[in-house]
Structure formats: structure tokens, C-alpha cells
Amino acid sequence: MAGTAFPDDLRAAQSRLHRATSELAALLRALPWSVEPAPGWPGTRHPYTGEVTGGRAPSPGWTRDQQDAVERLRSECTDLSVRITTHPFWSTVEAGRRVPTRTELKQVTKPAPAPALDITEAA
């Protein structure tokens, strides 16, 4: 990486975008599989092993608060993406260097991974 001097507001927007997309992904993983209440369906039993694969439990749907939270985070991600891509800084970067410079911005603002827990010491 070349060590580009990114404007503070651009770095802050990219950092927040990293956090917002992470928050949205975590929220979506925790929500029921269907926005609206929906019946589930049984899986298929394998004729030789008896293993059941596929199928879904019924979904209670999302609450209004859950729908609002998803909409708020999606809207924030969209707004941040627009703010980042239309930032005046990009007009100062040579056209052929914009993609690598954009990648550099993503890398320098990427949050550090959470430290791994040593579960042997906890026991």
C-alpha cells in the first residue's frame, strides 16, 4: 500500500460503513428466515440412511421493530456508500489508480479482528 493520506471524514465514513454492514449482517443472521409469518415445510428422509435433510421450521416473521432496524441499517449503508463514492477526494486520484486506492481505503479502515479466546485458560 502506498500510504495514501485520506481525508478524515472519508476515513470515518468508511469505518462506519464497515461497522454498519457488520451490524446488519449480525442482525439478519439472528432474525427469523421470513419477514412475514410463514409455515415451514418438512425435510426429505433419505431412503437408505433415514437422515432428514432440508425443510424449515415455521417462521413467526419479523416484528415492526426488527423491520425498522433492518431498514435503518440498510439505509445507513446506502447513504455511507454514496457519501464515500462521491467524496471530492476521488477527483484528486488519477483515474487508473482509483480502484487500488479505494481498496487501500477499505484495508486501512478495516476493524482489527477480535482476539481469539483461549478457552483452555478459562477452564
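**Figure 1. Aromatic pairs of the predicted model.** The structure contains 3 aromatic pairs. Rings of Phe, Tyr and Trp (its six-membered ring) pair if their centres lie within 6.5 Å; planes under 30 degrees apart count as stacked, over 60 as edge-to-face and the rest as tilted. This is a predicted model, in which local features need pLDDT of at least 70 and side-chain atom pairs count only at pLDDT 80 or more, while totals for chains, interfaces and linings use all residues. Residues are numbered from 1 along each chain as its sequence is written, and side-chain values use heavy atoms, with hydrogens and water left out.

**Figure 2. The W33 and W41 pair.** The ring centres of W33 and W41 are 5.4 Å apart and the planes stand at 75 degrees, so the pair is edge-to-face. W33 is partly exposed at 34% relative accessibility, and W41 is partly exposed at 43% (buried means under 20% relative accessible area, exposed over 50%, partly exposed in between; 1.4 Å probe, protein chains only).

**Figure 3. The cluster of F6, F89 and W90.** These three residues, F6, F89 and W90, form one aromatic cluster. Between F89 and W90 the centres are 5.1 Å apart and the planes are at 70 degrees, so this pair is edge-to-face. F89 is buried at 11% relative accessibility, and W90 is buried at 8%.

**Figure 4. The buried face of helix α3.** Helix α3 covers residues 98–109 (helices are DSSP runs of H or I, at least four residues, numbered from the N terminus). Its buried residues are T101, R102, E104, L105 and T109. Seen down the axis of α3, they fall within an arc of 155 degrees, so they line one face of the helix (the arc is that of the directions from the helix axis to the C-beta atoms).

Technical notes
Helices (H or I, at least four residues) and strands (E, at least two) are DSSP runs, numbered from the N terminus. The expected span of a helix is 1.5 Å times one less than its number of residues.
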